[in-house]
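Visitor: Before we discuss anything in detail, could you show me the model and then take me through it with the cut-offs stated as they come up?

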Amino acid sequence: MISRRKTRKVIVGDDRVGRVGIGGDAPVSVQTMTAGYTYDIDACVGEIHKLAAAGADMVRLAVPERKDTEALHQILPQVTVPVVADVHFHFQRALEAIDAGVHKIRLNPGNITDRAQVLKVIDACKERGVPIRVGVNEGSIVERKDKHKRLKELGGVFSENKNGHLLAIMIAKLEEYLEIFEQRDFRDVVISAKSIDPVLVIDAYAEISKRFDYPLHLGVTHAGPRETGSIRSVVPLGHLLATGIGDTIRISYASDPVYEVHDGLELLYILGLRQRIGAELIACPTCGRIQVDLFTLVQDVRKALASEITLPIKVAVMGCVVNGPGECEGADVAIFAGDRRGIIYVQGEKVANVPEEQILPVLLAECKKFEQKVQRGEAKLGEKKVDILPPEPIGVIGSGWEKVQREKATSLPVVR
Ligand code: SF4
């Protein structure tokens with residue numbers, strides 16, 4: 001069980017879309033950002049609905065132009081999750097978004113150079129109870145003109161760290177920004193300190209968490225497409241979350257943002273930071289012992305579970321008898337394959353032995369039946385009634401499979 005760092009709590013939302021807590025005792029939330037133009041109202045609303053349906057707790061929109069903040073007047077009444085306006089350079093966009101009723105502002109005080117303008121945004125947010133995320137992303141905090149001077153001034157503070165000079169600048173910038181907010185006694189602040197470098201992300205948030213008690217928005221900037229960006233994002237975010245740091249996350253991909261939500265939620269589920277919604281799928285990677293088309297089967301099972309199962313039922317799909325029984329034992333519903341057949345278990349009890357083409361429908365039917373039993377209070381998730389043992393002796397890896405083959409996979413023993 002991960003013990004989370006104590007922070008202040010910020011509330012995002014209203015009566016209509018609901019309220020999402022960030023920090024304090026609130027569960028870690030998942031957010032993402034639309035990929036389309038905000039002024040394209042119908043498409044924007046459609047994208048927000050899609051991301052909310054995928055599980056996003058809040059959705060951010062870019063508002064670079066007046067037509068984007070004007071569109072918010074029509075977008076906001078149609079959506080069902082809190083919306084965050086992403087503001088760069090133009091403080092007026094923030095004021096317009098607040099006026100339209102946006103639920104949170106993302107601001108980079110580093111690119112709004114006039115302090116009076118930042119104060120205007122803070123005052124408007126204070127009046128409407130709108131929180132602000134203050135971002136000190138690596139790319140935007142180092143002022144190009146006095147970069148070398150700043151590095152010289154601050155670099156010594158973290159001299160032992162490879163990223164010491166950047167950490168020093170991030171911390172110094174944050175102190176400078178937060179002073180502006182605190183000058184107005186405005187504490188509804190969330191902090192982010194993103195970078196493309198995963199090690200810098202870990203170091204920056206670890207340092208910031210020691211120094212400030214504001215909730216933290218974790219993320220890696222410009223992580224790339226999902227294929228490589230997932231590793232770049234999940235390693236630092238997983239590390240920080242596992243050490244109790246982080247109150248809301250955004251995984252950012254150069255891909256459909258719906259994957260940001262899926263992967264963010266999965267990260268929180270596997271760390272035990274959120275109660276899983278829907279089935280948990282376990283599957284073997286396959287090897288030379290495989291006896292069914294497991295890759296296709298796993299994808300078909302994944303899609304079917306995602307659309308048809310709402311309880312966190314643990315489902316295992318295993319390719320053969322070698323590791324199949326062991327994994328099946330820990331699952332609520334499981335199948336292990338042999339000789340182009342599937343042997344299906346529900347909480348340790350064998351319920352079916354079917355040819356390969358029937359594995360998917362029978363497995364899904366068993367999952368639904370089991371879900372209904374849990375809903376009626378006749379079964380409990382995670383309980384097992386019997387141990388599933390492989391054929392004995394398993395001996396050399398693969399000998400179990402020989403036995404499956406010999407017996408045509410019809411009579412694998414279940415030891416009660
Ligand atoms: Fe290979 Fe069987 Fe393990 Fe799957 S369960 S990886 S097929 S040994």
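Guide: A salt bridge is counted here when a side-chain nitrogen of Lys or Arg lies within 4 Å of a carboxyl oxygen of Asp or Glu. The model is predicted, local features needing pLDDT of at least 70 and side-chain atom pairs pLDDT 80 or more, while totals for chains, interfaces and linings use all residues. Residues are numbered from 1 along each chain as its sequence is written, and side-chain values use heavy atoms, with hydrogens and water left out.

Visitor: How many salt bridges does a search of the whole structure find?

Guide: Side chains of opposite charge can pair when their charged atoms come close. Arg66, Glu70, Arg93 and Glu96 are linked in a network of such bridges. For the whole structure, the search gives a total of 26.

Visitor: How many residues apart are Asp57 and Arg274?

Guide: The side chains of Asp57 and Arg274 form a salt bridge with an N to O distance of 3.0 Å. Asp57 is buried, at a relative accessible area of 17% (buried means under 20%, exposed over 50%, partly exposed in between, with a 1.4 Å probe and protein chains only). Asp57 sits in the loop between α1 and β4, and Arg274 in the loop between α10 and β11 (helices are DSSP runs of H or I with at least four residues, strands runs of E with at least two, numbered from the N terminus). The pair thus links distant parts of the chain, and the separation is 217 residues.

Visitor: In which helix does Asp123, the partner of Arg184, lie?

Guide: The closest N and O atoms of the Arg184 and Asp123 salt bridge are 2.7 Å apart. Arg184 is partly exposed, with a relative accessible area of 28%, and Asp123 is also partly exposed, with 30%. Arg184 lies in the loop between α7 and β8, so the bridge ties together parts that are 61 residues apart in sequence, and the helix that holds Asp123 is α4.

Visitor: What are the edge strands of the open sheet of eight strands?

Guide: The strand order is β8-β7-β6-β5-β4-β3-β10-β9, with parallel pairing (two strands pair if DSSP finds at least two bridges between them). An edge strand pairs on one side only, and the two that do so are β8 and β9.

Visitor: At what angle does helix α8 run to β9?

Guide: Three bridges join β9 to the parallel strand β10, and among the residues involved, His217 has Thr248 as its bridge partner in β10. Helix α8 packs on the sheet, touching β8 and β9 (contact means heavy atoms within 4.5 Å). With axes fitted to C-alpha atoms, for helices over the stretch in contact, and angles from 0 to 180 degrees between N-to-C directions, the direction of α8 makes with that of β9 an angle of about 165°.

Visitor: Which residue's backbone nitrogen does the side chain of Glu260 reach?

Guide: Glu260 is found in helix α10, which lies across β3 and β10, and Glu260 is buried, with a relative accessible area of 1%. A polar contact of 2.6 Å joins the side chains of Glu260 and Thr32 (N or O atoms within 3.5 Å, one able to donate a hydrogen and the other to accept it within protein, sequence-adjacent residues counting only if both atoms are side-chain atoms). Residues that Glu260 touches include Met33, Arg250 and Ile251. The backbone nitrogen that the Glu260 side chain reaches, at 2.9 Å, is that of Tyr253.

Methods
Lists of a residue's contacts leave out its neighbours within four places in sequence.
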